[in-house]
Amino acid sequence: MRNRLVAMIAGIAMFTPPAPVSAGPKFAPYPERKVTDCAVRADKGDISVGAQAVEDTKDQKVYFATEMTEKGYLPVYVVIENRSVADSYLFDKSNVAMADASAGAVSEARSKTGEKFAMFGVGGIFAMRAITSATAVQENLLKNEIQSKTLSPGVSVKGFLYIPIPKQGARGGIHVQIPLVNSRTNEIQVVNLTI
Amino acid sequence: MVNSGYRFFSFIAVVLFAFCCLPARLGAQAVQPASQPVSLNAALVLAPEFCATKTKKGTWGINQETFPVGKTACEELEPIIKTAFTSLRRVDDPAKAADAQLVLTPKFVDVGATQKMFAFSDRELTVLIEWTARDKSGKTVWIETIQGTAKRHMGNAFTHGSNVKHIVEDAVKDVGEQAVAKIEASPEIAKAGGPAAK
């Protein structure tokens, strides 16, 4: 009898992880877009930027397995293209800034290269933990987020920004400011979008 | 009779393997570009705070896990990144790399980990490291975020700790190997050493 009980406990320990977890959700991959396919576009010098907000909560469920708007975040797909044939640009995600479209420029900040450029109030981009406690959903948000990258001639970077918005009521316009640094001259190109 | 049948099937299995699998493997090896280290005297900054990074995932008291990504990265990255340069020195502070032509600094962006219900189900770990390369003058010449992933069994009460250790090792090695490929392919890093560089 005792042996059976020990065998049963050992069997349970063998097949279960040390802590209980639920089955993981499914995510559809967001279709890749070029700048020309995006609803919002802006150009500055060699740089072209496109943005497409995923406003529909049904789409948010499909791509992120969670309704992000009701948690106070708007996923915005961003694609940045370097159209130069000779120059490279540094995209540093930590320098991306955003603000309510009615607020205007409120502060200044420094880029990684030490150059100053005008910046709007910074919103919280790293929103995964605020959006959900489900580890699979967090990991999917992380994998889809736009990340810092060197844009060599002809290279692009794409991914999502998770922009804080009011949980209730209609949202206003959002300014997004994307600075890129020319790696040869250190000159900064700042691209502004209103979403 | 039993022996001859066994031999026959063994022979068929070996022939099938030779015809089906070996050419594919050799072909895959043939298309891989030959990598060449960048002709630079580089320094890799592995700061104490980077090496001490630990990430917790899950809910405290229910399913929280700790991933010692910093400790693993500081053990695994140096020998991998060394292959990307003709010379690489490890330092714990950028100030100690004044003589280097290129200073390479990794920074953890975040870590994502899925969790599974059963001990033998595969779970995934994603480690994102942002690499910044500065030239001798301190100017940033290259930034790249690399996503390393690894899959391994969730593990049971006895194997969970060992599985966590190995999945972190695999994900960090994946980051390192991808970083080497990106470094070797980067025109910005090649230019950092001046005209004499690769």
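## Two crossing helices in chain B

A crossing of helices is left-handed if the near helix is turned anticlockwise from the far one by less than a right angle, and right-handed if clockwise. H3(B) passes H4(B) in a right-handed crossing. The model is predicted: local features need pLDDT of at least 70, side-chain atom pairs count only at pLDDT 80 or more, and totals for chains, interfaces and linings use all residues. Residues are numbered from 1 along each chain as its sequence is written, while chains are lettered from A and ligands numbered from 1 in the order in which they are written.

Helix H3 covers residues 69-81 of chain B and helix H4 residues 160-185; they pack at an angle of about 35°, with axes 9 Å apart. Helices (H or I, at least four residues) and strands (E, at least two) are DSSP runs, numbered from the N terminus. Axes are lines fitted to C-alpha atoms, for helices over the stretch in contact, and angles run from 0 to 180 degrees between N-to-C directions.

The 13 residues of H3(B) reach 17 Å from first C-alpha to last, close to the 18 Å expected at 1.5 Å a residue; the expected span is 1.5 Å times one less than the number of residues. H3(B) bends by about 30° at B:Glu75, and B:Pro79, a proline, follows within four residues. The bend is the angle between axes fitted to the seven residues ending at a residue and the seven starting there.

Buried residues of H3(B) include B:Val69, B:Cys74 and B:Leu77. A residue is buried if 20 or more other C-beta atoms lie within 10 Å of its own, exposed if 12 or fewer, and partly exposed in between, with C-beta atoms placed from the backbone.

## Span and cover of H4(B)

The 26 residues of H4(B) should span 38 Å at 1.5 Å a residue, and the end C-alpha atoms are 38 Å apart, which agrees. Among the buried residues of H4(B) are B:Val164, B:Ala171 and B:Ile183. The cover over the buried residues of H4(B) includes H3, strand S1 (38-45) and helix H5 (187-192) of chain B.

## Positive phi in chain A

Most residues other than glycine have a negative phi. A:Ala65 has a positive phi, near 60°, and is found in the loop between helix H2 (57-64) and strand S3 (73-82) of chain A. A:Asn186 also has a positive phi, near 70°; A:Asn186 counts as partly exposed because 14 C-beta neighbours lie inside 10 Å.

Notes:
Contact = placed C-beta atoms within 7 Å.
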